[in-house]
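Student: I have a model open and want a quick tour. Can we go through it together?

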Amino acid sequence: MAFTYWKNIQIKNALIMTSGLRKAHRYIWLILVVGIPIIIVFAIKDLQFTDTNTVQITTEEFTKKNAKPDFENEIFKVAFYQNDIELILKKPLKNASSAVYAIDGNNVKMVLGQLTTPGKYQFDVKNTPKNIMVYDEIKDSLITKTNF
């Protein structure tokens, strides 16, 4: 008999929802229904769904600075300036860790930076290097190298 009495108390307490609880429940759900879509809109409004990074970058970007590309292949374009190197990566690389090296006349390598996504990269250098090399550090393999 004690078991059935305890069961009835639990059921009765679980079914009790006062008018204050109903109002709070209604307002909470109203805020959730309106608020979650607004948060989703603000979260995705700046995402780019078009693939603008793979657009071929022309030599117009080099002519803006009155320079011509010193080297160009299917992966990147390189232009040397007085104190910097401009590299335009045309398409995404399949390698996760791609480092850019400057090679001087004595075949000494100097790390310039890392390539991640297609776009324009500028690296400051003291002296104009003889060659540029893109190397995958993880796989320990050469991706591409300039031929001057």
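Tutor: What follows covers confidence, strands, cores, aromatic pairs and a few loop residues.

Student: Ground rules before we start?

Tutor: This is a predicted model, where local features need pLDDT of at least 70, side-chain atom pairs count only at pLDDT 80 or more, and totals for chains, interfaces and linings use all residues. Residues are numbered from 1 along each chain as its sequence is written, and side-chain values use heavy atoms, with hydrogens and water left out.

Student: What pLDDT does the chain average?

Tutor: The average is 77, and 74% of the residues score at least 70. pLDDT is the predictor's confidence in each residue, from 0 to 100.

Student: Which elements have the lowest and the highest mean pLDDT?

Tutor: Helix 3 (residues 60-63) is lowest at 50, and helix 2 (residues 19-44) is highest at 92. Residues 51-59 fall below 50, and that stretch has 14 contacts in the model beyond near neighbours in sequence. A contact is heavy atoms within 4.5 Å. Where pLDDT is low, the predicted coordinates should not be read in detail.

Student: How are helices and strands assigned?

Tutor: They are DSSP runs numbered from the N terminus: helices are H or I with at least four residues, strands are E with at least two. Two strands pair if DSSP finds at least two bridges between them.

Student: In what order do the four strands of the open sheet come?

Tutor: The order is 5-4-7-8, with antiparallel pairing. Strand 5 (109-115) and strand 8 (141-145) are the edges, each pairing on one side only. From one strand to the next the twist averages 30°. Axes here are lines fitted to C-alpha atoms, for helices over the stretch in contact, and angles run from 0 to 180 degrees between N-to-C directions.

Student: How many bridges join strand 4 to strand 7?

Tutor: Six, between residues 98-103 and residues 131-136. Val 100, for instance, has Val 134 as its bridge partner.

Student: Now strand 2. What does it pair with?

Tutor: Strand 1 (residues 71-72) joins strand 2 by two antiparallel bridges. Strand 2 also pairs with strand 3, antiparallel, over five bridges. Three residues make the hairpin from strand 1 to strand 2, and three make the hairpin from strand 2 to strand 3. Val 78 is the bridge partner of Phe 71 and stands opposite Leu 87 in strand 3.

Student: Is strand 2 buried or exposed?

Tutor: Five of its five residues are buried, so strand 2 is largely enclosed by the rest of the structure. Buried means under 20% relative accessible area, exposed over 50%, and partly exposed in between (1.4 Å probe, protein chains only). Phe 76, Val 78 and Phe 80 point one way, Lys 77 and Ala 79 the other.

Student: Which residues have the most contacts inside the largest nonpolar core?

Tutor: Leu 87, Leu 115 and Ile 132, in a core of 18 residues. Such a core is a set of buried Ala, Val, Leu, Ile, Met, Phe, Trp, Tyr and Cys residues joined through side-chain atoms within 4.5 Å. Elements giving two or more residues to this core include strand 2 (76-80), strand 3 (84-89) and strand 6 (119-124). Leaving out residues up to four places away in sequence, Leu 115 touches, among others, Leu 87, Val 100, Phe 123 and Val 134.

Student: How many aromatic pairs?

Tutor: Three. Rings of Phe, Tyr and Trp (its six-membered ring) pair if their centres lie within 6.5 Å; planes under 30 degrees apart count as stacked, over 60 as edge-to-face, the rest as tilted. Tyr 101 and Tyr 135 have centres 6.3 Å apart and planes at 75°, so the pair is edge-to-face. Tyr 101 is in strand 4 and Tyr 135 in strand 7, so the pair ties together parts that are 34 residues apart in sequence.

Student: And a stacked one?

Tutor: Tyr 121 and Phe 123: centres 6.4 Å apart, planes at 5°. Phe 123 is buried at 8% relative accessible area, and Tyr 121 is buried at 14%.

Student: Last topic, loops. Where does Asn 107 lie?

Tutor: Asn 107 is in the loop between strand 4 and strand 5. Its phi is near 60°, a positive value in a residue other than glycine. Asn 107 is exposed at 61% relative accessibility. Asp 140, in the loop between strand 7 and strand 8, has phi near 55°.
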